[in-house]
Amino acid sequence: MDITVVDNFRESHRINTKGSLAAVLQLNRFFSTDTLPINPDDYRTEKEGQVKGLSKDNCQKILEEHNISRLLAAEGGRTSRGSMSLMRDYAELINKIKPSAEQFNEIELYWINRIRVFFAGKPFKLESDNSLSVDAAVEHLLQQAARRQKENPGTMYVGTVLQHLVAAKLTIIAPDVAINGAAVADDPTGRGGDFNIGDTVIHCTTAPAPLLMEKCQRNIKSGLHPIIVTVRDRVKNAWDLASDLGFENRLEVWDIQSFLSSNVHEHGHFTSAARHETLTRLIKAYNTIIDECESDPSLHIEYDG
C-alpha cells in the first residue's frame, strides 16, 4: 500500500511524542482486529475521558514483538493530551483507506520505525544520583547504548560511546591528543591504535580479537606500550588472547567503568561536589567530540550533575 497517507496523517497530527506514538501504535493493533468500519464510540471509556484499552503493558508487549525493550510511555498513551481526538481521527483514516490484514501489518511497521526514530533521537543519560557509584552510572550508560544497538542492528553504539568517553578523558589530561571518529581505522592515520600519547598506544574495543593482539605486538616491537580499554566482561578475554601469544606481561587491559571511575574520584578529590564537577567536564568534553567527529547527535550524553 502507499504509506504516504499514513505519513501525512502523522505530520498533520504531529504524532512525534512518546504519548501519541504509544497511543497510535495500540490503536492500529486494536483496529486491525476489529470489523470495519471502526466505531469510535467502542473505544471510549464510560466517562469519555480516556481511550479504552491503552496501557503501558499493552504498548510494551507490541514493542517487544519487534525486539524493542525500551519503555516508550509510562502511561502507554492513555493519559496523553488529545488521545481521544487522535483515536477518532485515526478511526476515520482507517475507515477511509480500509486496510487488509497485511496492510495493517505494514502500517504497524511504519509506526514501529517512527518509534525507532524517536528513540534514536534521544540522548543517552548519565545518572547523577549520589547514592549510585560512578562505576554503576557508567555501566548504566553502556547498557543504554547496548539496548539501542540491539534495536538498531548494524550501528555500533557501545563501541562508539566507549571510544569517545576515553577520548574525552584524555582531552582533559592531554589536550593535544588527536581525536578521530569512532569509525576511522587506525592504519590510514598512522596511529597504531585509537590514541597515541607519549610512548603509549591506547586501543578501544568492545570485543578483543586476534587482529587487535597482532596490533599490540606490532606496538611492542616498535617500542610502544599498548593499553586495551574494553567493557568489563571482555577483560578476561583480552588477557587470555594475550597469554596465548605470550605477551600478557607487556600489556595493560582496563575496563572502561573502572578507568573512568578511578579518574573521576582522583580528580574529584573524593568529594561529592568535586566529583560532579569532574563528571560535568567529562561529559561536556565528550559531547564536544560528538559534535566534531560524528554525524549522529543522538550519541550525546545528558548529565544534570
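1. Arg148 lies over the face of Tyr157 in this predicted model, at 5.4 Å from the ring centre, and Arg148 also lies over the face of a second ring, that of Phe124, at 3.9 Å from the ring centre.

2. As a general background to both, nonpolar side chains tend to be buried together in soluble globular proteins.

3. The count of aromatic pairs comes to nine. In one of them, the rings of Phe30 and Tyr43 have their centres 6.3 Å apart and their planes at 20 degrees, and because planes under 30 degrees apart count as stacked, this pair is a stacked one. The two partners come from distant parts of the chain, 13 residues apart, with Phe30 in helix H2 (residues 18-32) and Tyr43 in the loop between H2 and helix H3 (56-65). Both Phe30 and Tyr43 are buried, and both belong to one aromatic cluster that is formed by Phe9, Phe30, Phe31, Tyr43, Tyr90, Tyr110 and Trp111.

4. Trp254 and Phe259 form another stacked aromatic pair, with 5.6 Å from centre to centre and 15 degrees between the planes. As for accessibility, Trp254 is partly exposed, with a relative accessible area of 32%, whereas Phe259, at 10%, is buried because its value falls under the 20% cut-off.

5. The peptide bond from Leu36 to Pro37 is cis, with omega near 0 degrees, and Pro37 is found in the loop between H2 and H3. Asn67 has a phi near 60 degrees, which is a positive value in a residue other than glycine; Asn67 is found in the loop between H3 and helix H4 (83-97), and its relative accessible area of 53% is over 50%, so Asn67 counts as exposed. Lys98, likewise not a glycine, has a positive phi of about 45 degrees and lies in the loop between H4 and helix H5 (101-120), where Lys98 counts as exposed at 56% relative accessibility.

6. Ala207 is found in the loop between S3 and helix H9 (210-221). With a relative accessible area of 38%, Ala207 is classed as partly exposed, because this value lies between the 20% and 50% limits. Leaving aside neighbours within four places in sequence, Ala207 is in contact with Thr230 and Arg234. Arg14, by contrast, is 193 residues away from Ala207 in sequence and 41 Å away in space, C-alpha to C-alpha.

Notes: Residues numbered from 1 in each chain as written. Predicted model: local features only at pLDDT ≥ 70, side-chain atom pairs only at ≥ 80, totals over all residues. Heavy atoms only, no water. Helix = DSSP H or I, 4+ residues; strand = E, 2+ residues; numbered from the N terminus. Buried < 20%, exposed > 50% of the residue type's maximum accessible area, 1.4 Å probe, protein only. Contact = heavy atoms within 4.5 Å. Phe/Tyr/Trp six-rings, centres within 6.5 Å; stacked < 30°, edge-to-face > 60°. Lys NZ or Arg CZ within 6 Å of the ring centre and 35° of its normal.
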